[in-house]
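The sequence and the model come first, and the notes follow by topic.

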Amino acid sequence: MLNKTKPENISEHAPTAINEPSNKRIHQSSFKPSWWAINRHVQTIYPRFFQKRAKVDIRHERFPLPDGDFVNLAWLGDAKKARGLVVMFHGLEGSIKSHYANDMAANLQQGYLVVLMHFRGCGGEQNLLPRAYHSGETQDAWYFINWLEQKYPDLPKVAIGFSLGANMLLKLLGEQPQQAILRAAIAISPPFRLEQCALSINQGFSRLYQAYLLKSMVNKLLKKMQTIDYRGLLKINSTETKGLKNFREFDEHVTATLHGFTGADDYYQQSSAVRFMHQIQTPTLVLHAKDDPFMNEHVLPNEGELSYQVRLELSDKGGHVGFMQGTPWRPVIWTHQRVNAFFADVLINKKPLQKAS
């Protein structure tokens with residue numbers, strides 16, 4: 001079994017009371033979309049296909065892992081001038097070239113040293129081992145974060161995760177409640193409950209997002225099958241792999257099998273961030289839109305499932321990793337402003353989380 005991280009002393013339902021029951025954890029977001037970007041699909045699609053990317057100067061590095069594999073790093077900014085280090089984790093089939101990662105890095109690089117850790121097999125280079133990455137794979141990220149602490153001991157460190165990377169980051173923080181490396185974290189559009197997300201994205205217009213991502217996942221696996229012998233590792237061959245129709249089928253026959261889970265249900269249950277969020281002790285801001293087309297209303301946690309170090313800001317609109325304002329010609333990504341303010345509050349102003357602006 002390669003990476004089936006089971007939480008210790010975590011029940012199926014979080015405690016109903018933790019420390020201060022009067023302290024709210026779920027808040028109405030200040031985000032308001034512009035008139036032209038009210039639709040959730042516009043919010044989700046426009047930044048990906050139409051918004052001009054910010055210019056960035058990226059330095060690439062191959063980072064070796066203990067099992068002989070590697071991940072690719074993308075660095076931005078100047079460590080000598082930085083007031084902190086931001087480590088970023090992308091979403092499903094994403095990379096530093098993804099609109100949200102590229103532009104967030106550009107937003108942060110003037111004040112911070114920024115590094116994005118590509119998950120295994122992402123970033124344009126095939127990894128060496130049969131295993132890949134998934135929503136609950138925290139071992140690589142935790143190993144990398146500890147390496148960053150050794151390399152830059154004097155820089156305060158914070159983290160941002162997007163979508164799948166947000167779920168992974170929340171799970172990691174719940175698994176490591178006593179960690180002292182990350183001063184704060186932000187999770188943007190996390191799936192929270194993976195089973196509900198797999199159901200939601202397999203319905204209606206959202207199936208187009210699923211088809212787009214699934215095609216990339218399948219093609220990547222087929223390419224690896226040309227150089228790695230998967231017989232004995234997977235119960236399906238390349239022809240059957242091409243016939244996988246949705247995320248659940250891929251997770252049942254590929255993700256779960258390769259990473260030590262008994263099936264898709266086991267993978268979803270063990271890897272959903274919501275099971276870990278009541279243990280988080282790191283100041284953590286979660287930004288999420290109720291109209292996220294990848295999900296439905298059933299994915300949202302309740303206050304009893306969140307620790308008092310987690311502030312969940314919900315907006316009625318915003319799509320999936322969208323949150324656009326401005327005009328179609330000069331769109332403004334609201335999350336950049338919110339991220340800047342939150343990190344400034346934590347690192348500079350040292351404000352308590354639940355009183356953040």
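The protein chain carries 42 positive and 32 negative side chains, and the centres of these two sets are 6 Å apart. The model is predicted: local features need pLDDT of at least 70, side-chain atom pairs count only at pLDDT 80 or more, and totals for chains, interfaces and linings use all residues. Residues are numbered from 1 along each chain as its sequence is written, and side-chain values use heavy atoms, with hydrogens and water left out.

**Overall fold**

- Ten helices and eleven strands make up the secondary structure of the protein chain; these are DSSP runs (helices H or I, at least four residues; strands E, at least two), numbered from the N terminus.
- The radius of gyration is 19 Å, close to the 21 Å from the globule rule for 357 residues, so the protein chain is as compact as a globular protein of that length. The radius is taken over C-alpha atoms, and the rule is 2.2 Å times the number of residues to the power 0.38.
- Along the principal axes, the C-alpha atoms fill a box of roughly 55 × 50 × 45 Å.
- Of the contacts between residues at least 6 apart in sequence, 79% join residues at least 24 apart, where contact means heavy atoms within 4.5 Å.

**Surface and burial**

- Of the 357 residues, 59% count as buried. Buried means under 20% relative accessible area, exposed over 50%, and partly exposed in between (1.4 Å probe, protein chains only).

**Nonpolar cores**

- The largest nonpolar core has 65 residues, of which Val87, Phe89 and Met277 touch the most other members. Such a core is a set of buried Ala, Val, Leu, Ile, Met, Phe, Trp, Tyr and Cys residues joined through side-chain atoms within 4.5 Å.
- Helix 6 (residues 207-225) gives the most to this core, with eight residues.
- Another core, of 31 residues, lies apart from it and includes Met104, Val114, Ile160 and Ile186.
- Beyond four places in sequence, Met277 touches Leu170, Phe192, Val286, Glu305, Leu306, Ser307 and Val310.

**Loop residues**

- Ala79 sits in the loop between strand 3 (70-76) and strand 4 (85-89), and its relative accessibility of 29% makes it partly exposed. Leaving aside neighbours within four places in sequence, Ala79 contacts Leu113, Tyr152 and Leu155.
- Glu93 belongs to the loop between strand 4 and helix 2 (99-108). Glu93 has phi near 60 degrees, a positive value in a residue other than glycine, and counts as buried at 18% relative accessibility.
- Phe323 lies in the loop between strand 9 (310-315) and strand 10 (324-326). Phi of Phe323 is positive, near 55 degrees, and its relative accessible area of 1% makes it buried.

Note on methods. Lys, Arg positive; Asp, Glu negative; His and termini not counted. Charge placed at Lys NZ, Arg CZ, Asp CG, Glu CD.
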